[in-house]
Amino acid sequence: MGDLNGLQERLGYQFRDIKLLELALTHPSIAHEEEANVATNQRLEFLGDAVLGLILTRELYEKFPELDEGPLTKGRAHLVNQRTLCEQARALGLGEELIMSRGELASGGRDRVSALADAFEAVLGAMFMDGGYVPACEFVLRCFRDSFDGFRILPNLSNPKGELQEFLQSRSPEPPRYTITSSSGPDHARHFECAVSHDGRELGRGAGKSKREAESAAAHAALTQLNAEEPRQPE
């Protein structure tokens with residue numbers, strides 16, 4: 001493990017116990033390679049997932065008082081899907097800091113969506129353990145500040161693939177095309193990534209535990225992008 005000062009600067013937080021941050025960056029593949037009882041980031045990921053859910057739930061509750069439980073639940077799911085967390089991890093450069101087995105590194109593990117999403121949650125869990133709720137909350141809200149754009153539209157989508165097709169049909173009769181770009185993991189825990197395109201242009205990408213879930217996430221991402229591009233109507 002090298003110098004983590006640069007990462008701490010990007011996180012906007014200085015750890016009192018640097019070993020917590022090191023643990024958050026330790027991928028489970030290390031335990032298999034060492035063939036020993038080596039601690040990995042899985043427990044911190046479990047904690048970080050709960051902390052992230054609490055922080056975003058409270059923020060959504062306060063920020064959108066006009067929305068009921070259903071839209072708020074869908075909106076939270078949109079904010080914390082694996083692809084979104086992966087993008088947050090990439091923005092922080094977590095991939096370059098991960099401690100992985102040689103085999104995982106050789107197979108592109110530093111850029112694997114699941115590994116990056118898990119690392120983001122683990123780092124948040126480590127931050128919570130090291131400094132408590134306040135710095136963890138400040139960190140999450142900094143990361144997700146721009147993610148609330150278009151939120152009033154997306155939580156109401158119960159059928160993102162259908163909504164996307166309807167949105168695009170007003171512009172062209174050609175339907176959107178969904179392409180599974182990768183699949184990984186054992187049979188009981190598969191992970192799929194999907195891209196959706198239209199008229200030769202990629203509109204968004206998504207990930208999930210099934211092809212259907214990945215396609216739905218890609219449609220969500222496409223709708224976010226398209227709604228952001230829509231010109232605002234004058235008030």
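Modeller: Rings of Phe, Tyr and Trp (its six-membered ring) pair if their centres lie within 6.5 Å; planes under 30 degrees apart count as stacked, over 60 as edge-to-face and the rest as tilted. The model is predicted, so local features need pLDDT of at least 70 and side-chain atom pairs pLDDT 80 or more, while totals for chains, interfaces and linings use all residues. Residues are numbered from 1 along each chain as its sequence is written, and side-chain values use heavy atoms, without hydrogens and water.

Colleague: Which residues do ring pairs link into a cluster?

Modeller: The structure holds three aromatic pairs. Ring pairs join these residues into a cluster: Phe120, Phe139 and Phe144.

Colleague: What is the angle between the planes of Phe120 and Phe144?

Modeller: Phe120 lies in helix 8 (residues 113-131) and Phe144 in the loop between helix 9 (133-143) and helix 10 (160-169), so the pair ties together parts 24 residues apart in sequence; helices are DSSP runs of H or I, at least four residues, numbered from the N terminus. The pair is edge-to-face, with 6.3 Å centre to centre and a plane angle of 75 degrees.

Colleague: Are Phe120 and Phe144 buried or exposed?

Modeller: Buried means under 20% relative accessible area, exposed over 50%, partly exposed in between (1.4 Å probe, protein chains only). Phe120 and Phe144 are both buried.

Colleague: Over which ring does the charged end of Lys161 sit?

Modeller: The criterion is NZ of Lys or CZ of Arg within 6 Å of the ring centre and within 35 degrees of the ring normal. The charged end of Lys161 is 4.7 Å from the centre of the ring of Tyr178.

Notes
Helix = DSSP H or I, 4+ residues; strand = E, 2+ residues; numbered from the N terminus.
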